[in-house]
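Please work through the exercises below with the sequence and the structure open side by side, and try each task before you read its solution.

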Amino acid sequence: MSIDEPERCKPTAPKRYLLNPSGTAGDIHPYIAFGCQLRNRGHEVYVLTNPLFKNLIEQYGLIFVPIGQPMQWSDIRNDNRIHRSSESWQAIKWGAVGTMREVFTQIQRLCEPQKTVLVSPPWCIGARIARDALSIPLASIVLNPVVLRSKIRAPRTPSMYLPDWMPRWMKRYQYWIADTFFIDPLIGKEINGFLAELGLPSAKRFMNGWWFSPDLVLGLFDEWFVQPQPDWPTSVTCVGHTLWDPPGDESICGNVEAFLDSGEKPICFVPGSVGPGRSDYYEIAAKACAATNSRGLILDRVDLDTLPALPETMHVAAYVPLREVLPRCSAIVHSGCMGTSVQAMAAGIPQLVRPCVNDQPDIAARLRRLGVAEVISPKQFEVQNVQNALQRIVSNQAMMESCRLIAARIKPDQASNLIADRLEDLA
């Protein structure tokens with residue numbers, strides 16, 4: 001569905017929005033962005049998520065509600081399951097049912113009849129069940145287009161092979177196998193047990209449509225990036241990419257600023273919240289930069305005391321706002337997370353994507369189709385391969401032109417306003 005602006009009826013009184021994001025920083029930031037829009041319009045905005053993000057959420061005047069046990073960045077990056085696609089599906093169980101009852105209890109506590117609206121990703125099952133049990137409108141937020149199944153043009157789904165040429169019945173059969181023998185046995189018992197306790201009918205094939213809200217589904221991407229398919233399990237409104245990221249620590253940003261000012265544009269390396277996944281990542285980055293006569297900037301949440309010795313042409317820093325840094329870089333190497341990919345597209349720089357798990361292979365394939373990226377597998381991530389790929393992308397004039405054209409299509413501040421508009425309509 002395109003994003004034409006209809007005549008809208010504004011709510012006559014402030015509403016209470018309960019946002020329930022789950023995941024890493026890239027999953028949380030968009031909720032803060034449109035949460036601030038809602039707060040500025042006079043609404044109450046609660047954010048129900050992990051205590052890891054408490055300070056960030058409260059910094060922007062949103063009401064924080066803790067969900068789950070406190071995590072640290074080291075807990076995420078040291079979980080080896082995250083780095084293995086064969087085991088990453090186990091994260092579905094934690095995301096879907098690990099906090100299901102706790103989320104439901106908090107929603108029940110905070111709910112005010114006729115005033116409350118729920119907002120969550122589809123895999124936060126506690127919110128999906130609260131929608132039915134408590135009769136609260138729910139908006140499903142889709143950050144990762146890999147969850148939008150299609151038998152026409154399917155996303156790149158881990159452990160599945162769904163090329164465009166494959167007959168639709170074969171794709172349908174693969175989805176059925178995944179649901180019947182993997183997904184439902186993984187999460188079905190806990191979900192249906194809770195539904196029975198609440199007097200709600202049981203469900204099955206949860207990822208085949210059930211976990212999307214019947215009320216509203218918002219895709220946080222543009223239609224030129226994720227082409228809507230007529231057989232998507234529900235009607236999805238594409239509202240565009242959010243580009244919000246919080247300011248970084250002043251001292252860290254100052255050091256990065258000094259490095260950027262001291263020479264030619266560097267190549268930026270962003271391993272992502274889950275970390276590089278291999279011990280020689282920094283050595284490979286340094287050697288590839290040296291071989292291409294480039295400087296390198298590595299942005300990673302890591303203890304600097306544990307890093308190997310790196311040349312002066314390499315600088316390592318913790319979080320800094322990508323929106324400010326990437327326009328001053330010549331290229332970026334990253335894992336294919338949606339947030340980083342969009343920031344790189346907005347900066348208009350070529351990308352070398354090393355996808356590992358979950359939605360990363362799908363995002364990488366979409367970037368390659370747009371002509372703004374090359375893709376390298378984790379097994380191919382060696383000095384010579386990275387060096388050759390970097391030399392190709394920085395000298396590829398066709399890719400540079402594609403980057404420029406795509407950057408011109410991204411509207412940095414539009415998506416958050418449109419999301420807030422749709423959520424007010426839902427209220």
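The model is predicted, with local features needing pLDDT of at least 70 and side-chain atom pairs counting only at pLDDT 80 or more, while totals for chains, interfaces and linings use all residues. Residues are numbered from 1 along each chain as its sequence is written, and side-chain values use heavy atoms, with hydrogens and water left out.

**Exercise 1.** Find how strands β2 and β3 run and how many bridges join them.

*Solution.* Begin by locating β2 at residues 44–49 and β3 at residues 63–66, where strands are DSSP runs of E with at least two residues, helices are runs of H or I with at least four, and both are numbered from the N terminus. Two strands pair if DSSP finds at least two bridges between them; here the strands run parallel and four bridges join them. As a next step, look across from T49, which stands opposite P66 in β3.

**Exercise 2.** Decide which residues of helix α7 are buried, that is, under 20% relative accessible area with a 1.4 Å probe and protein chains only.

*Solution.* First mark α7 at residues 125–133, and then note that I125, G126, A127, R128, I129 and A130 are buried. Just after this helix, S135 takes a positive phi of about 55°.

**Exercise 3.** Name the residues that line the largest cavity.

*Solution.* Start with the rule: on a 1 Å grid over the protein atoms alone, a cavity is a set of points where a 1.4 Å probe fits but cannot get out, and lining residues have an atom within 4 Å of a point. The lining consists of D222, V239, G240, H241, R409, I410, K411, Q414 and A415.

Terms used. Buried < 20%, exposed > 50% of the residue type's maximum accessible area, 1.4 Å probe, protein only. 1 Å grid on protein atoms, 1.4 Å probe; cavity = no way out; pocket = protein on both sides within 12 Å on 5 of 7 lines; lining within 4 Å.
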